[in-house]
Amino acid sequence: MVFRKKSKIIGIDIGSSSIKVIQLSDNNGGYTLSRFGMAPLAPEMIVDGTIMDSVRCVETLQNLLKDQSISTKDAVISLSGHSVIVKRVSLPQMTEDELAESIKWEAEQYIPFDINDVNTDFQILNTFVDPDGKPQMNVLLAVVKKDKITEYTSLVIEAGLRPVIVDIDSFALENMYGINYEVKEGETVALINIGASLTNINILQKGMFAFTRDVSIGGNKYTESIQKDLGLSYENAERAKKGESVEGVDSFALDSVVESVSGEIVNEITRSFGYFKTASGNEKIDKIMLSGGSSKIKGMDNFLQQRLDLPIEIVNPFRKIEIPPEFDSNYIRDIAPLTAVAVGLGIRRLNDK
Ligand SMILES: Nc1ncnc2c1ncn2[C@@H]1O[C@H](COP(=O)(O)OP(=O)(O)OP(=O)(O)O)[C@@H](O)[C@H]1O
Ligand SMILES: [Mg+2]
């Protein structure tokens, strides 16, 4: 057995609109921010989760590491979207070793991909006895397409790093939530992360994974619709969306485009909540915790609160993380909603599951 010092690790969230890097140091059971940086990616560099221009992505990541003086090589990255499937399934009770042997065959029936094209992982959540008296267990099954893992790990390797963990956005969000917020008895929380090309919807029951779904809609849809309906360039549409004043923009028309895209996002959330309710025997959701860059769309929280009729709170991924004074606290507060996945990656350590 090799004993090694608890090594440093960097979390890298490769989103379609920007790369975020973070390093958190352990501090008496908590965490202190030691490095953070973010670099934008042009919209054509990663499209719908596919790396279209790996050369520029590698360059962007390398510059970001240099700017932040990050010398650590071990990196955690994460994947999301079409190439990832996460499901809670019930199986007959067996040991972890037995499940490890059979997981491939168990997984096969739940996935639309060839089993040889995916990596599978699992976690036994709990055991129970079904109405027929048979011992069963709930298992969290995670399946990721191998070619997607290769695509993203290659980027990181080319930037000179070692990808030691490949995580999944929804697990990262869950971990981020777990270190920052107390789980209330019996509470069911929906973590909703609205990014640029994707919205991750995750439901936690008593702090435990219950449901997740990634839908292909996010901030890009606002920008594209504003661009089209208001006849603006991409850059101006992006600025108008962020509330900056852009010449010739009719604020009434802008609000109406924004509201219509928000309505589409609400429909996807409602659909996901419906799936969860059907699968869980009509469990109710108590509140929504919102993150992702598009949670900063003006009035987004009120809109969701009204349309979904649930209390809503914007997540602060740094809520329990110590921020040393050398960081600009206004900047950190401003970008906090965009760091939800990155923080969840930054708290991963080499030998945790
Ligand atoms: N102040 C703001 N107002 C409105 N939208 C914003 C604001 N700041 C950022 N955004 C939008 O948030 C999105 C980026 O969010 P985030 O960083 O969470 O996405 P990502 O991780 O890059 O993308 P994805 O995970 O979908 O691939 C972009 O669409 C951006 O335009
Ligand atoms: Mg993202």
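The model is a prediction, in which local features need pLDDT of at least 70 and side-chain atom pairs count only at pLDDT 80 or more, while totals for chains, interfaces and linings use all residues. Residues are numbered from 1 along each chain as its sequence is written, and chains are lettered from A and ligands numbered from 1 in the order in which they are written.

**Exercise 1: the whole chain**

Task: find how many helices and strands the chain has, and work out why its radius of gyration agrees with that of a compact globule.

Solution. Begin with the elements: the chain has 10 helices and 16 strands. Helices (H or I, at least four residues) and strands (E, at least two) are DSSP runs, numbered from the N terminus.

Next, the radius of gyration is taken over C-alpha atoms, and the globule rule is 2.2 Å times the number of residues to the power 0.38. For 353 residues a compact globule would come near 20 Å, and the chain has 21 Å, which is why the two agree. The C-alpha atoms fill a box of roughly 70 × 45 × 40 Å along the principal axes.

Then turn to burial: 37% of the 353 residues count as buried, meaning that 20 or more other C-beta atoms, placed from the backbone, lie within 10 Å of the residue's own.

**Exercise 2: the five-stranded sheet**

Task: follow the open sheet of 5 strands and find which helix lies across E11, E12 and E13.

Solution. The order is E13-E12-E11-E14-E15, with mixed pairing. Its edge strands are E13 (208–215) and E15 (312–314), each pairing on one side only. From one strand to the next, the twist averages 20 degrees.

Look next at E11 (residues 188–194) and E12 (residues 199–205), which pair in the antiparallel sense over 7 bridges. Here Val189 has Leu204 in E12 as its bridge partner.

The helix is H7 (residues 251–280), which runs at about 145 degrees to E13. Axes are lines fitted to C-alpha atoms, for helices over the stretch in contact (C-beta atoms, placed from the backbone, within 7 Å), and angles run from 0 to 180 degrees between N-to-C directions.

**Exercise 3: around the ligand**

Task: find which residues come nearest to ligand 1.

Solution. Of the 20 residues around ligand 1 (C-beta atom, placed from the backbone, within 6 Å), the nearest are Gly15, Ser16, Gly195, Gly219 and Gly293. Helices H5 (219–230) and H6 (234–241) each supply at least two residues of the shell.

Terms used: Buried ≥ 20, exposed ≤ 12 C-beta atoms within 10 Å, placed from the backbone. Pairing = 2+ DSSP bridges. Contact = placed C-beta atoms within 7 Å.
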